[in-house]
Amino acid sequence: MPTATFVTTDGVAYAVPAGPDVNLLDAADAAGYTLTSMCRQGGCGVCRARRASGVVRVGEHAPDALPPDAEKTGQVLLCRTYATSDVTIELPYDSTRLASAAVPVRQVRITSIDRWPGGIVAFSVVVVPDAQHGSALQFEAGQFAELTPPDGAHARVYSFASIGNWDGTAEFYVKLRPGGYFSEYLRGTAQVGDVLTMRGPQGAFALHETGRPRWMVCGGTGLAPLMSMLRHMADWGETTEARLILGVNRPDEVFATDALADLQASLPSLCVLVPVVEPDASWDGPVGTAVDVLARELDALPAGAVRPDLYLCGPPGFLDAAHAAAASHGVPGDQVFEERVLRN
């Protein structure tokens with residue numbers, strides 16, 4: 001039977017039995033290692049890694065999750081990859097992100113539901129204490145959880161907008177989409193007091209301690225994990241230069257203004273830019289997409305200035321455009337970190 005060896009960015013290697021009928025994600029699960037993943041169906045790209053050696057078969061997947069040009073450089077989706085020989089897989093995160101225990105499953109109760117401009121709902125939950133996990137809710141800024149409404153039919157994935165805490169509270173942002181499973185629940189029957197099932201925390205999107213400025217770029221509810229990161233920085237009293245570029249389509253879709261004002265008050269090193277694509281006569285802020293503003297801000301850096309670390313959150317097309325803008329302005333690829341937004 002072939003062996004799959006997973007190597008993390010800090011050089012730790014994990015060897016597990018693999019084979020042509022078991023995808024690499026399931027092979028790791030069977031060996032007791034929980035790798036970062038989300039949909040597990042080849043549709044999101046979260047379990048993307050790089051094949052360093054060996055022969056594999058890659059099953060059907062969404063082109064957005066793993067474009068053809070990525071496949072040419074050895075990128076694979078672990079949930080759709082099968083080993084036909086011994087293989088070595090390079091994971092895009094360090095060993096602290098590889099769990100050797102099952103992802104926690106807990107019950108959480110909705111404590112507030114707020115409807116924001118642009119069809120966005122912000123809702124908060126608190127964990128229902130249990131003997132195994134207690135009442136705390138600890139997670140790394142940037143991680144996500146799977147949430148299942150009371151009917152128990154389907155889980156959907158959302159990033160935490162809050163930070164880990166001993167009170168067991170968390171906040172999430174959801175864009176209401178026609179026909180979306182969780183969207184229809186929030187639009188229709190959701191109410192304070194409902195009990196949801198939460199599987200998490202999960203994910204490897206996280207802050208990196210490099211000493212460089214941190215620029216965070218997103219559109220819409222891609223703000224959630226970046227808000228968590230910025231709140232973490234504020235909580236720790238960090239002074240690293242930070243910028244947040246939050247793109248929306250129209251002025252009447254600008255959201256989270258109070259939350260961002262509170263964040264700026266507690267994080268003086270933060271500069272917030274909110275560009276709109278379709279301004280009206282009353283708009284006096286930045287114009288364009290978030291990527292347009294990113295390019296302009298990079299253009300404005302003095303010659304020889306340190307290029308910032310970029311944290312991106314959005315759909316595949318947004319990420320592609322942001323990566324292109326970063327590369328054309330001299331930001332090294334290993335200074336760009338991303339999380340993909342799924343439509344739920």
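A residue counts as buried when its relative accessible area is under 20%. L294 has a relative accessible area of 0%, so L294 is buried. That makes a handy starting point for a tour of this structure, which is a predicted model.

**Around L294**

Let us stay with this leucine for a moment. L294 sits in helix α6, which covers residues 290-299. Leaving aside residues up to four places away in sequence, L294 touches W215, V217, I245, L310, A322 and A325. An α-helix has 3.6 residues a turn, so residues three or four places apart point the same way.

**The largest nonpolar core**

In soluble globular proteins, nonpolar side chains tend to be buried together. Here the largest nonpolar core has 35 residues, and M216, L223, L226, L230 and L244 have the most contacts inside it. Elements giving two or more residues to this core include the strands β9 (120-127), β14 (214-219), β15 (242-247), β16 (270-273) and β17 (309-314). The helices α4 (223-235) and α5 (257-266) are also on that list. Which element gives the most to this core? It is α4, with 8 residues.

**The whole protein**

Stepping back, the protein has 7 helices and 18 strands. Its radius of gyration is 20 Å, close to the 20 Å from the globule rule for 344 residues, so the protein is as compact as a globular protein of that length. Here are some overall values, ready for a quick look.

| Property of the protein | Value |
|---|---|
| Box filled by the C-alpha atoms, along the principal axes | roughly 65 × 55 × 40 Å |
| Accessible surface | about 15,100 Å² |
| Distance between the centres of the positive and negative side-chain sets | 4 Å |

Carbon and sulfur atoms account for 51% of the accessible surface, and 49% of the 344 residues count as buried. As for charge, there are 25 positive and 39 negative side chains.

Conventions
Residues are numbered from 1 along each chain as its sequence is written. This is a predicted model: local features need pLDDT of at least 70, side-chain atom pairs count only at pLDDT 80 or more; totals for chains, interfaces and linings use all residues. Side-chain values use heavy atoms; hydrogens and water are left out. Helices (H or I, at least four residues) and strands (E, at least two) are DSSP runs, numbered from the N terminus. The radius of gyration is taken over C-alpha atoms; the globule rule is 2.2 Å times the number of residues to the power 0.38. Buried means under 20% relative accessible area, exposed over 50%, partly exposed in between (1.4 Å probe, protein chains only). Accessible areas come from the Shrake-Rupley method with a 1.4 Å probe; for residues, only the protein chains shown count as cover. Lys and Arg count as positive and Asp and Glu as negative; His and the chain ends are not counted. The place of a charge is taken as NZ of Lys, CZ of Arg, CG of Asp or CD of Glu. A nonpolar core is a set of buried Ala, Val, Leu, Ile, Met, Phe, Trp, Tyr and Cys residues joined through side-chain atoms within 4.5 Å. Contact means heavy atoms within 4.5 Å.
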